[in-house]
Amino acid sequence: MAQETQVKAVFPSLEWFQALKEIVNADEHYRRIGTCDTTMGIKINDLQKYYVVTFEAFEVADMREASEDEVEQCDFWLEAPYSVWKDMLQNIKANGKADLQHSLNTLDLEFPEGFARSHDGLRRDAFYRFNQSLQYFFDASSRIDTQFL
Amino acid sequence: MDSDVLYRLTHEEDLPPLNLNWLKPEDRIKVEATRLRPGRKGLTIEQVEASTSLLDFSDDYSARPRGAERHPAAARYGWYYPVRHETWADNVRLLYEEAVQRQWSSATDIPWHTLKPLPDDIEKAWCQFATFLTEVEFIAGDAPGQWLERINPEWYEVKLFLLTQIMDEARHLDVFRKRALANGGGLLQESTGAGLRIILECQDFSEFSAIMHVFAEALVQTLFRSGEALAYNEAEKTIFRLCAQDESRHIAFGVMHLKHILETQPWRREEIHYYLDKIEGPLSVDIQSGHSAASPIFDEAIMVLAGGGRKNIDKGFDWLMQLRRRQVHEYIHRLEVAGLPERRYRLSPGLRAFLDT
């Protein structure tokens, strides 16, 4: 996590997620956490922005814009208003990684409906089974020069 | 010296002729044709077993590996489950590989340097909390160990998965013990352990899995996830996050095993309810006091931690009630996924109260 910021991208955008994918896939530490096989949806409802991220083996295999329906077909999706996403990413940028109040798990506990949601309790457990990898994924955004809307 | 012994010492014994029939050189073409290459995850069990047809029944009680030729003089090793469905889960191979890949070390993967002196009541609450979890994890390691020798080598994947679970539980025991000792507090009060004994007294694998994986570990997993709110530093937060990951694999096995049993042996539905009745009562929760029957002092420790100290125990109580609600809702939701939706209406009263709130 000690690399210099290289990429400038706007959140949310496909370019931003692509940049994150490239950073993570080039990161040997991410591989050492272990295999991660899941599909994760991203929902930013107030902007009507939706993305699907596919994790496969030791890398982020795919990243794409999607419809709300497609996001809800994922193992789980992360859903929050834009302000929450912005706050989380700014915190990650400031600390190099999420602090105690901004980790995915903490956010999940703070929302009555949860931050990680799914129509299937077993598939939702992927959020917990791979939590360390997912947190590392978002923490890697500290290496992007993120511009907000 | 006896003349017979003298003879044997001075003459070479007749060696049996070599028998290289097992080499079967005529099979060379077959060997070439079935050679495998590692995929993106390396060479996984899923890959090497891709062309294997799983037997549903095996009355072989030797240690014969699946696919090996049977030896007519092979010794029996004991009694194994002869029916695949009785121990199988469709996700077992994936979970085994995942477990092996995602191991961690309590010595080096926890940022222990972030532990700082805490107010006395908080530190003691953490130590009491860690003491009980050390005890719980001791049982959690012993319980799957009891079933290893009953797993048929024909379905060895289940044995491999249980071995990873034992390693996971060993690490949990170790990491909570370290936390109790690392900040000066030490181990505090032992529990009565009465509820935990039920897990060790199971007489059937599916009973064990329903009680341990689907019920007990589900409660613990929700606690660990929620435990990040009990963390006062990065070390504690990391402990919870990593332990919750491990517990989630165990639950995934249990839910899929239960689903498999209900699909392949549907006549066992009432039997499964009986097992859940057995565990829900003793490990249930008194909604008035918030205490679980397992260990009231454990719940008191949680209340002190969640409240931010002894002074705010009411706030801690509210947090504990919220945790209980989450635990019960998630437990019921997993049973629905497994194919046991009617459990919602048969829950022990101590748990049902949380469904209605």
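**Chains A and B: a working chat**

Me: Where in chain B does B:Val5 lie?
Reply: B:Val5 lies in helix H1 of chain B, residues 3-10. Keep in mind that this is a predicted model.

Me: Is B:Val5 buried, exposed or partly exposed?
Reply: Partly exposed, because its relative accessibility is 36%.

Me: Which residues make a nonpolar surface patch with B:Val5?
Reply: B:Met1, B:Leu6 and B:Leu9. With B:Val5 they make a patch of about 440 Å².

Me: What area is buried between chain A and chain B?
Reply: About 2,600 Å². Carbon and sulfur atoms give 50% of that area.

Me: How many salt bridges between the two chains?
Reply: Six. Polar contacts across the interface come to 16 residue pairs, both residues at pLDDT 80 or more.

Me: What about H8 of chain A, how many of its residues are buried?
Reply: Eight of nine. The helix spans residues 131-139 and is mostly covered. Among the buried ones are A:Leu134, A:Tyr136, A:Phe137 and A:Phe138. A:Asn131 and A:Asp139 are buried as well.

Me: Back to salt bridges. What does the side chain of B:Lys41 meet?
Reply: The side chain of A:Asp37, in a salt bridge at 3.2 Å, N to O.

Me: New topic, B:Arg334. Buried or exposed?
Reply: Buried, with a relative accessible area of 3%. B:Arg334 sits in helix H12 of chain B, residues 313-338.

Me: What does B:Arg334 touch?
Reply: Leaving out residues up to four places away in sequence, it touches A:Asp125 in chain A. In chain B it touches B:Ala218, B:Gln221, B:Arg225, B:Ile251 and B:Val255.

Me: Which side chain makes a polar contact with that of B:Arg334?
Reply: One such partner is B:Gln221, at 3.2 Å.

Me: Last one. Why is H4 of chain B called largely enclosed?
Reply: Because seven of its ten residues, in the run 92-101, are buried. They include B:Val92, B:Arg93, B:Tyr96 and B:Glu98.

Note on methods
Residues are numbered from 1 along each chain as its sequence is written. Chains are lettered from A and ligands numbered from 1 in the order in which they are written. This is a predicted model: local features need pLDDT of at least 70, side-chain atom pairs count only at pLDDT 80 or more; totals for chains, interfaces and linings use all residues. Side-chain values use heavy atoms; hydrogens and water are left out. Patches are made of residues with over 30% relative accessible area and no salt bridge: like charges are joined within 9 Å, nonpolar side chains (Val, Leu, Ile, Met, Phe, Trp, Tyr) within 5 Å. Accessible areas come from the Shrake-Rupley method with a 1.4 Å probe; for residues, only the protein chains shown count as cover. A salt bridge is a side-chain nitrogen of Lys or Arg within 4 Å of a carboxyl oxygen of Asp or Glu. Helices (H or I, at least four residues) and strands (E, at least two) are DSSP runs, numbered from the N terminus. Buried means under 20% relative accessible area, exposed over 50%, partly exposed in between (1.4 Å probe, protein chains only). Buried area is the accessible area (1.4 Å probe) that two parts lose on being put together, summed over both. A polar contact is a pair of N or O atoms within 3.5 Å; within protein, one must be able to donate a hydrogen and the other to accept it, and residues adjacent in sequence count only if both atoms are side-chain atoms. Contact means heavy atoms within 4.5 Å.
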